[in-house]
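Welcome, and thanks for taking a look at this protein with us.

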Amino acid sequence: MLRWVQLLLGLICMIVIASPQYVWALFTKPMTDAFGSSLPQLQITFSILIVVQTFLSPFQGVLVDRFGPRALLSIGTVIAGLSWVLAAQASNVFALYLTYGLLGGIGTGIVYVGVIGHMVQWFPDKRGFATGLVAAGYGMGALLTTFPIASVLRESSYQDALVRFGALFAVIGLAASQGLRRPVGLAQGLAQGSAQGATIDVPPHVMLGTPVFWLMFAMMTMMSTTGLMVTSQMGAFTRDFGMADVLLFGLPLLPLALSLDRITNGATRPFFGWVSDRIGREHTMLIAFGLEGTAMTLWLLTRDNPILFVLLSGLVFFGWGEIFSLFPSTLTDTFGTKHATANYGCLYMAQGVGSVLGGPIAALLHQWTGSWTPVFAVIITMDFTTAALAIFALKPLRKRWLQQHVTFEHGEHGALATEDAKAVVRLAPDGGPA
């Protein structure tokens, strides 16, 4: 029961840090008007948020492992909320970089990597599902705020929205953080039993020297780019596609699409995490990443149809959001739980690279070409490339790594026969690593 309470508290912490990333599209228009900046200049704020959130995560992961989740997540949730309150006082785009971008990235990064690391330790037997659930809080959390923030923006100002919701996020996050505890007893027993006699605990400095890690890093970078391009640019290309002022079922199209996206972006994380626990991580990646590439293609081809615009936007996020359950669970399967938080902090840096490629670089590509079609073409190519890499590169590479580096309880090392490997490292039914 205790670990489910931990999951609930971690979920709440994720929800309160979701809005800085996932409602950003609502702020781009009023902020460009207020600061007199171009879209690429403003999108630097979004990139700073994600880059800082991700590039500091290895260091933040070490702090969480050392001082515990309660202290660090208390600090992180307060900083995240404070970043919005201070951003409301920004008088130019550079001040926005420091508040919404820099400070927000520090706060959200502490919370995100801390909660994910917390879950892979508490749920070694349901790793994909548990990380998917808390990641769903990050993906769906903004669903609770999308329409309220849009309403405040219509009735008041973006500054008012930032102050109101920033203070709310800080208070709720601080309260939820107080119940977080390190795993003991049951969770440790599950961790020992789940590997069926096998252990593998690789520290970050060793992991960084392996081809397996860098392949996962490249794959996560490409997938992060695809989703973050849509997340950061959706307000812009919705206007360019002539959909900004369209009403659908009596509701403005963009907030409606963003709300559906939050639902699918959240639901996909536990769903595909659960699927990957059963059919293997790489096979699940093939299905999910291929789904996003297909949805992006159809979205571009039917962009003048309001109903399909909304529905396909949701399908795009259903094919994207699962990276936040698949990659941490795959990484922990491969390198162990002892250094899980710090290790995932290293991989999570790929999200920062993706934010630059999907944010200002994508905006510049649109500016240079005068069209969103080349941007979509690059994203679609990344989707299908990553899906292929999962099966034809990651699966065999990870299988060889596990066969060579799993340590038995009696201390033996080395390559394993296929049947022994299945028993020890819990390979998927098809023989590929789970």
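Which residues touch the most other members of the largest nonpolar core? They are Phe 27, Tyr 112, Met 229, Phe 237, Trp 299, Phe 324 and Tyr 344, in a core of 118 residues. Helix α13 (residues 211–240) gives the most to this core, with 14 residues. A nonpolar core is a set of buried Ala, Val, Leu, Ile, Met, Phe, Trp, Tyr and Cys residues joined through side-chain atoms within 4.5 Å.

Before going further, please note that this is a predicted model, in which local features need pLDDT of at least 70, side-chain atom pairs count only at pLDDT 80 or more, and totals for chains, interfaces and linings use all residues. Residues are numbered from 1 along each chain as its sequence is written, and side-chain values use heavy atoms, with hydrogens and water left out.

**The whole protein**

The protein has 20 helices and four strands; these are DSSP runs (helices H or I, at least four residues; strands E, at least two), numbered from the N terminus. Of its 434 residues, 59% count as buried, where buried means under 20% relative accessible area, exposed over 50%, and partly exposed in between (1.4 Å probe, protein chains only). Taking contacts (heavy atoms within 4.5 Å) between residues at least 6 apart in sequence, 84% join residues at least 24 apart.

**Confidence**

The predictor's confidence in each residue is its pLDDT, from 0 to 100. The mean for the protein is 84, and 90% of the residues reach 70 or more.

Is Glu 322 buried or exposed? Glu 322 is buried, because its relative accessible area is 0%. This residue lies in the loop between α16 (306–318) and α17 (323–335). Not counting residues up to four places away in sequence, Glu 322 touches Thr 268, Arg 269, Phe 272, Ala 288 and Phe 289. Glu 322 and Gly 132 are 190 residues apart in sequence, yet 7.2 Å apart in space, C-alpha to C-alpha.

Phe 324, leaving aside neighbours within four places in sequence, has contacts that include Tyr 22, Tyr 112, Arg 269 and Tyr 344.
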